[in-house]
Amino acid sequence: MNATDQRYMALALALAQRGLGQSWPNPAVGCVIASGGHIIGRGRTQPGGRPHAEVMALAQAGPAARGATAYVTLEPCAHFGQTPPCADALIAAGVVRMVSALTDPDPRVSGRGHARLRAAGIAVTEGVLQAEATALNAGFLKRVTQGLPFVTLKLAASLDGRTATASGESRWITGPEARRAVHAMRLDHDAVLVGAGTARADDPDLGVRDLGAAHQPVRIVIDSLLGHSPTGRLGGIAARDPVWLCHIAAAPVEARTAWAASGARTIECAASPDGRVDLRDAMQQLAARGLTRILCEGGATLGAAMIRAGLVDELVLFSAGALVGAEGHPALGPLGLASLAQAPRLQLLSHQTVGADTLSRWRC
């Protein structure tokens with residue numbers, strides 16, 4: 001692995017990063033085409049998943065792509081979907097070398113893209129910045145290999161782990177810089193998820209504000225009996241931005257009809273033994289509809305339930321320099337632990353200061 005390959009692949013990964021939250025159900029892919037020490041084309045997967053990154057970069061490079069090297073963050077596709085295979089596009093453009101970061105686990109591709117390029121006489125180098133590419137597309141990879149989205153649980157709490165006072169006052173535990181950071185997180189996730197309790201208590205719209213966003217994430221509410229009214233803020237935006245509600249079969253027909261009339265999508269899920277939405281089934285259904293990355297901003301009940309179900313991949317914790325006391329509302333509900341040995345142990349990924357608060361990321 002030489003320094004030039006790493007430099008160009010790092011640029012391709014930076015391009016791919018810009019597609020997070022927009023490219024689903026496809027992966028966020030970046031492509032750089034270089035020749036003679038100069039970049040002649042660059043592209044990323046466009047909103048909605050197409051055109052693909054390779055097509056965008058080749059269009060920019062034009063005839064200069066002949067004899068060039070293409071750097072792609074994920075193995076070029078080799079199957080006919082809604083667009084022709086990108087491997088064929090690279091062959092037709094006359095590139096002589098292709099460098100990839102990651103093999104696509106999609107069974108329609110999985111090595112076939114690399115094989116097609118090699119069969120055409122193109123030199124293929126694999127695995128350049130593979131770890132970085134794997135982390136970037138963790139959501140796509142998990143959806144393809146496990147049928148589940150990558151879930152990030154976001155918590156904002158005082159130093160003693162409280163999200164609100166005893167009276168329920170919670171605005172604002174953290175400062176404006178932390179709140180802006182949360183909006184940036186929403187921007188690079190496919191969807192934002194809350195529970196019915198949060199939806200009823202806060203009436204949030206869960207959108208991205210003040211960042212010049214050209215798109216909005218899907219808003220999802222886990223609401224077993226559809227008790228949250230479509231006359232709230234989510235119902236008001238459902239005709240413009242995607243709003244999905246996961247419920248069980250016992251949800252009243254009238255509530256389903258009212259939400260459908262607002263423009264929202266209702267998704268019937270299996271029920272758990274306690275009569276709530278079975279969260280694993282809900283996540284499977286959301287993945288089947290193309291979602292790869294979900295930011296869970298639910299309250300203590302949903303957060304704990306997601307952890308108990310083993311559905312959280314990463315935890316993001318904003319800690320404010322405040323003390324609320326034991327009478328306040330805890331950041332997490334019961335986890336049902338019989339002993340400390342059963343407590344989930346997380347791996348610290350990063351820690352930083354955000355305004356007056358701190359932000360830590362943990363792998364679950």
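Glu 314 stands opposite Arg 363 in strand 16. This is a predicted model, where local features need pLDDT of at least 70, side-chain atom pairs count only at pLDDT 80 or more, and totals for chains, interfaces and linings use all residues. Numbering starts from 1 along each chain as its sequence is written, and side-chain values use heavy atoms, with hydrogens and water left out.

Strand 13 (residues 314-320) and strand 16 (residues 357-363) run antiparallel, joined by six bridges; two strands count as paired if DSSP finds at least two bridges between them. Strands here are DSSP runs of E, at least two residues, and helices are runs of H or I, at least four, numbered from the N terminus. Strand 16 also pairs with strand 15 (residues 347-354), again in the antiparallel sense, over seven bridges. There, His 351 stands opposite Ser 360. Two residues sit between the strands of that hairpin, and Gly 355 takes a positive phi near 65 degrees.

Now hop over to helix 1. Its 15 residues (3-17) should span 21 Å at 1.5 Å a residue, and the end C-alpha atoms are 21 Å apart, so the two agree; the expected span is 1.5 Å times one less than the number of residues.
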